[in-house]
Every structure is written in C-alpha cells, then in structure tokens.
Amino acid sequence: MLSNLELERLTEYDVGRRLAEASGLTGLVRIEPRPVRRVVVDFSLKLGEPGRQRELRVGTWPDRTLAEIRQNAERARRAEEAAPAAARALAQTPAGSVASVPPKGAVPGWLAPRDAEGAAPTAGPLFDAAGVAPPVGTIAPATVAEVFERWRLDALAARKDGGESVRRSMAKDVLPTLGASIANAVRRGQVVAVLERIVERGSARQAGCVLADLRQMFRWAVGAGFVDADPTATLRKADFGGAPQARRRRLTDDEVAELASKMRGARLARHVRHATWLMLATGARIGEIAHARWADIDLDAKTWTIPAEFSHSGRAHVVPLSDFAVRHLCPEGEVRRSDVWVFPGRYASEALSPKALGKQIRDRQRGSHIRGRASGTTTLLLAGGAWTPLDLRRTAAALLAEMGVRPDVIGACLDHAVRGDAQRAYHRLPTLDERRDALQRLGRRLEAVERSPQDSDRRAA
C-alpha cells in the first residue's frame with residue numbers, strides 16, 4: 001500500500017515512474033506546469049473482463065487525498081460488479097476526469113428525449129444541432145442521477161468549487177441508493193432511509209447537509225418540470241440530529257500566551273508559526289493567508305490587498321497591517337523563501353496549500369498518531385481544548401469587540417458583507433484609517449500578550 005509520506009517525497013526526478021498497489025490501483029507521476037509547477041500523480045484503475053479491460057481515472061494527488069482516491073476506486077469496483085445502467089454511467093464519470101464532463105448547457109447521452117413509451121431512442125443525435133440541452137419540460141422521466149447531473153450543470157457550476165463538494169457528497173451517500181430511481185417516483189420514506197444511514201454512522205451534521213442539497217435539487221427539479229413535488233418538503237434537520245450548531249470557540253488572553261509558548265516546542269515550521277500570528281493580527285481566513293503574495297503587500301503604506309480571486313467574499317479587500325503584523329510578515333533575520341508567495345509550498349513557485357497549513361495545526365491536537373504525520377499529537381492543545389484556524393479569526397473579532405471597536409468596523413476588518421439593519425444603522429462604510437486604528441490596537445494587545453507571559457519560556461516564534 002502506498003503512503004502519504006511516500007507521495008510527499010516524490011520529486012521531479014520521479015516523473016514517469018509508475019506506482020502500484022496490490023489492489024490494482026496504479027499511479028503515474030508527472031509534472032503539472034500550470035498554474036504552478038508541481039509534481040502530481042494520476043491514479044487509475046482497470047475494470048472489465050480480461051481482454052476487454054478499460055482504464056478508469058479515479059483522481060489526481062494531491063488535489064485529492066490518497067483516502068479519497070481509494071474510495072473512488074472502491075465505488076467504481078462496486079458499480080462495475082452491480083452494473084445497473086445509472087451506476088455504470090456514474091462510475092464512468094470519475095472525479096478529476098475533465099474530459100468526461102459535458103460543457104455547461106449540454107446534456108449527457110442518458111438525458112436524451114424518450115419516446116412515447118418512455119424508452120430511450122436507439123439511434124439519432126444525443127443533442128440538438130447546437131449541442132444544447134432541450135427546453136425545460138420536453139425531457140421525459142429521468143432518474144435521480146440524471147436530474148442531479150442536469151442540476152449540477154445548471155445551478156452548481158457557478159459556485160466557487162463548481163459544485164465539487166456537493167458532487168462528492170451525493171456520489172457517496174445518495175446516488176448509490178437512489179441514483180437509478182425515477183426522480184418523480186422518489187418518496188419521503190426513501191429520502192429518510194438515506195439520511196438515517198448517514199446518522200447511524202455518526203455523521204448527523206452531514207445528514208443535515210445532504211438534506212439541504214437534496215431539497216435544493218428537488219426544488220430546482222420541480223421548476224424544471226422533472227418532478228411534480230418535492231419529497232423533502234416536510235423533512236427538517238432537527239429530525240436527523242438537528243441543525244449544525246455554530247462553533248463559538250475563541251482563545252482567551254491566557255490561551256494566546258499559552259499558544260505562543262507551545263508553538264516553540266511543537267516542531268512547527270517557522271512560516272506556519274508566522275501565518276498563525278497573522279491570522280490573529282488581521283482576522284484573515286486561512287485560504288487568504290496561504291495565498292498572500294508579495295506583489296499585493298505595500299510595506300511602505302502598510303497595506304495588504306487581497307485580490308478577488310483569493311478572497312472568500314469574491315471581492316478585493318484591503319487589510320491595514322499593524323506593526324505586529326509587519327513583524328511576522330518580515331521576521332528579522334529570516335530570508336524570503338520566495339519572491340512571489342509570502343508562504344510558499346514545497347517549491348518556491350507555488351503557494352502553500354491551505355489544507356497543508358491546517359493539517360500541521362490539526363495533527364498536533366488530534367491526540368492519536370497517524371503514520372507519516374507529526375508525532376507530537378498534543379503539542380498545540382490548549383487549556384480550553386482544541387482550536388482551528390477559524391477560531392483565530394473569531395478570536396480577533398472578540399478581542400476587537402472587547403476593546404470597544406464598533407461592530408461595523410469589526411465587520412469591515414474581517415471583510416463581512418454589510419446588509420439589512422447593520423447597513424441602515426451606519427450610513428457609511430468604515431474608512432481605511434478607522435480599520436487601521438482598530439487593527440493597530442489589536443496588534444499592540446497581541447504584542448503585550450506575546451511578550452508578557454506567565455513564565456519566561458512563553459515567547460512567540
């Protein structure tokens with residue numbers, strides 16, 4: 001069996017090498033030059049009878065984890081063994097296979113119009129002359145898998161991830177059970193059975209997310225003419241473990257001082273320690289920190305402009321930098337590892353992956369060791385319990401509020417959307433100077449916490 005450590009050690013010298021597992025999963029090492037140069041591994045699986053085998057791509061590492069790739073392979077094997085028409089169609093459209101995804105507006109072959117008896121035509125074009133989907137209302141009864149594919153192309157393609165997270169969730173929990181069922185014949189009890197299986201494995205929150213996705217899909221299907229009624233209309237998240245509770249974890253001043261001390265002994269990379277302090281000092285999200293570029297930082301004006309392409313809100317956001325933040329951006333005595341990225345990844349030409357950053361923090365709090373990962377599994381665990389990068393952003397907001405900063409200024413510092421009552425309460429947006437003053441005060445407070453620990457060993461990296 002391949003390991004994550006073995007994959008992480010691959011370099012450009014391994015290009016062309018073929019990796020293999022006893023399960024039949026094989027991977028080909030190659031270089032991906034764009035958008036950044038990196039080593040990737042394309043994994044595939046051979047399916048079918050000897051002499052009539054076909055190779056099915058099941059994912060690319062590191063875009064997908066080794067565990068996800070193995071899950072894709074196992075699902076493909078099961079679908080091949082069962083081989084119902086809908087499951088076979090799903091298995092032949094694996095995650096990561098760009099060529100197998102039809103263009104937006106086009107309809108897969110199994111969405112071709114049926115004849116009067118509901119049978120698919122045996123000949124003729126699968127699309128119209130322009131390769132566009134037929135008008136809504138002209139498509140005969142379709143399966144849940146077909147409706148999902150149409151919904152994905154029509155409604156999910158505009159999402160930031162192109163609907164990939166919903167696709168994974170549906171492929172795991174819904175389509176193997178309901179994929180071959182006629183969408184208009186699905187009843188409430190069938191949906192309940194799917195959700196209860198998710199709850200039984202201890203994933204109540206995931207059950208709520210799947211219910212929300214199914215509700216959106218069926219509501220779209222009602223409007224598109226695929227179904228007459230929404231079978232999820234009377235279901236509530238409370239029936240399946242309740243709606244997910246908002247996380248409220250924030251670090252106290254003592255925990256921030258404790259974190260400063262523990263980061264020194266956690267064998268944490270220097271750039272990860274600096275990134276952690278920047279999340280506290282700016283309230284920026286982990287993805288925004290990981291994609292910070294020197295070209296977007298003006299050290300003279302002490303500003304960092306997060307471009308729309310890396311901003312969670314989808315709009316450019318200017319972050320005033322406090323003296324504390326600048327000190328962790330440009331640590332004294334340290335040489336820049338990249339001329340492009342503030343926090344480069346394995347190569348200087350690529351950005352640090354937000355997942356890799358989060359993994360270094362999470363692995364040091366999980367309590368149990370995973371082969372090939374950090375051995376100090378409690379070195380970043382604080383007195384108040386485990387914490388996440390998002391908790392640092394919440395902590396920054398809480399500290400600003402304790403210092404008397406107005407809510408609208410805090411929201412502007414954290415790049416929150418302002419609407420409704422908040423928009424009417426303040427007739428103008430906070431200025432850059434107001435945000436700069438707030439973050440400068442936050443920096444001074446963090447500086448005091450960092451440099452005034454309860455013992456002489458508590459000092460930040």
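A residue is called buried when its relative accessible area is under 20%, exposed when it is over 50%, and partly exposed in between, computed with a 1.4 Å probe on protein chains only. This is a predicted model, in which local features need pLDDT of at least 70 and side-chain atom pairs count only at pLDDT 80 or more, while totals for chains, interfaces and linings use all residues. Residues are numbered from 1 along each chain as its sequence is written, and side-chain values use heavy atoms, with hydrogens and water left out.

**First stop: E21**

Select E21, which sits in the loop between β1 and β2 (26-32); helices (H or I, at least four residues) and strands (E, at least two) are DSSP runs, numbered from the N terminus. With a relative accessibility of 7%, E21 counts as buried. Which residues does E21 touch, not counting those up to four places away in sequence? Display M1, L2 and R70, which are its contacts on that basis, a contact being heavy atoms within 4.5 Å. Although E21 and L2 are 19 residues apart along the chain, their C-alpha atoms are separated by 6.6 Å. Turn next to R70, whose side chain is joined to that of E21 by a polar contact of 2.5 Å; such a contact is a pair of N or O atoms within 3.5 Å where, within protein, one must be able to donate a hydrogen and the other to accept it, and residues adjacent in sequence count only if both atoms are side-chain atoms.

**Second stop: salt bridges**

Side chains of opposite charge can pair when their charged atoms come close. A salt bridge is taken here as a side-chain nitrogen of Lys or Arg within 4 Å of a carboxyl oxygen of Asp or Glu, and the count by this rule is 30.

Select E6 and R17, whose side chains form a salt bridge at 3.5 Å, N to O. Because E6 belongs to helix α1 (residues 4-8) and R17 to the loop between α1 and β1 (18-20), the pair ties together parts that are 11 residues apart in sequence. E6 is partly exposed at 29% relative accessibility, and R17 is also partly exposed, at 36%.

Move on to E255 and R249, where the N to O distance of the salt bridge is 3.0 Å. Here E255 is buried at 6%, and R249 is buried at 14%.

Then select D408 and R406, which meet in a salt bridge at 2.9 Å, N to O. D408 is buried at 10%, whereas R406 is partly exposed at 32%.

Finally, select R64, E164, R167 and R168 together, as salt bridges with shared partners join these residues into one network.
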